[in-house]
Amino acid sequence: MTEIQDMDPLARDVPVWTAEQYRDARGTEIGVTSWQEVSQERISAFGVATEDRNYIHMTPEKARSQAGLPGTIAHGLFTLSLLPSFNYEITPMAAGAVLGLNYGFDKVRWIAPVPVGARVRGRMTLADAEPKNGSLVITFDVTVEIEGQEVAAGGKPALVARSLSHVRLTPEAYAAAEAAFSEGAA
C-alpha cells in the first residue's frame, strides 16, 4: 500500500493576499486549475468510502445496458469533493492565516454528468470576503468544467457552486482586515 502523506495548506505555493487585496478583488476571476482525470479507480474508491456503490458509478456494462449511459459516471458528490484541491492549487492565502476550513456551500448545482475517463478543472471567482469573529470568510463562485466541453466554448459545466472558506487569522491580521473592510465601506 502506498504511504499517504499529509500536507500543510499554509505551506502552499500561492500568492499571499492582504485583506485589502481580497476586498478589492471581489468579483474577479482568481484562476483556472489544472486538469484532473476522473478515473474509474478514483470513482470506485469514492463509492466504497461513501457506501454509494450505485451501478452507474461502479459497473460500466450495467451503466450502458440498464441506464443507457455511455459508461460509468462520477458521483456528483465526488465532483464536489474536488473543490478543496482546486482551492489548494490556485486560491491566494490570506496574510496572517492560522487555519483554513471549509465553511459550507450556499449553492450547489450539478449541470452535466462527468463520464469516467474525462478530465475536469475548476474555474474560480472571488465572490466576496468579509472579516467575521476573528476570521476572514471568503466566498468563491466555482465552475467545474469538463475537458472538451469548456463553458467559454459553449459547453455545459459539470457543476457550479458557491463555496465558503473560513480562514482564522492572527489577532493582528484580523485587526488589519477589519480596518481594511471598514475603510472600503466608506
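In helix α6 (residues 83-90), the buried residues are Leu83, Phe86, Asn87 and Ile90. The model is predicted, so local features need pLDDT of at least 70 and side-chain atom pairs count only at pLDDT 80 or more, while totals for chains, interfaces and linings use all residues. Residues are numbered from 1 along each chain as its sequence is written, and side-chain values use heavy atoms, with hydrogens and water left out.

Q: Why is valine 98 called partly exposed?
A: Its relative accessible area is 39%. Buried means under 20%, exposed over 50%, and partly exposed in between (1.4 Å probe, protein chains only), so valine 98 is partly exposed.

Q: Why is the pair of tryptophan 17 and tyrosine 22 called edge-to-face?
A: Rings of Phe, Tyr and Trp (its six-membered ring) pair if their centres lie within 6.5 Å; planes under 30 degrees apart count as stacked, over 60 as edge-to-face and the rest as tilted. Here the centres are 5.1 Å apart and the planes stand at 70°, so the pair is edge-to-face.

Q: How do you know that phenylalanine 46 and phenylalanine 78 form an edge-to-face pair?
A: Their centres are 5.5 Å apart, with 80° between the planes, and the pair is edge-to-face. Phenylalanine 46 lies in helix α2 and phenylalanine 78 in helix α5, so the pair ties together parts 32 residues apart in sequence.

Definitions and conventions. Helices (H or I, at least four residues) and strands (E, at least two) are DSSP runs, numbered from the N terminus.
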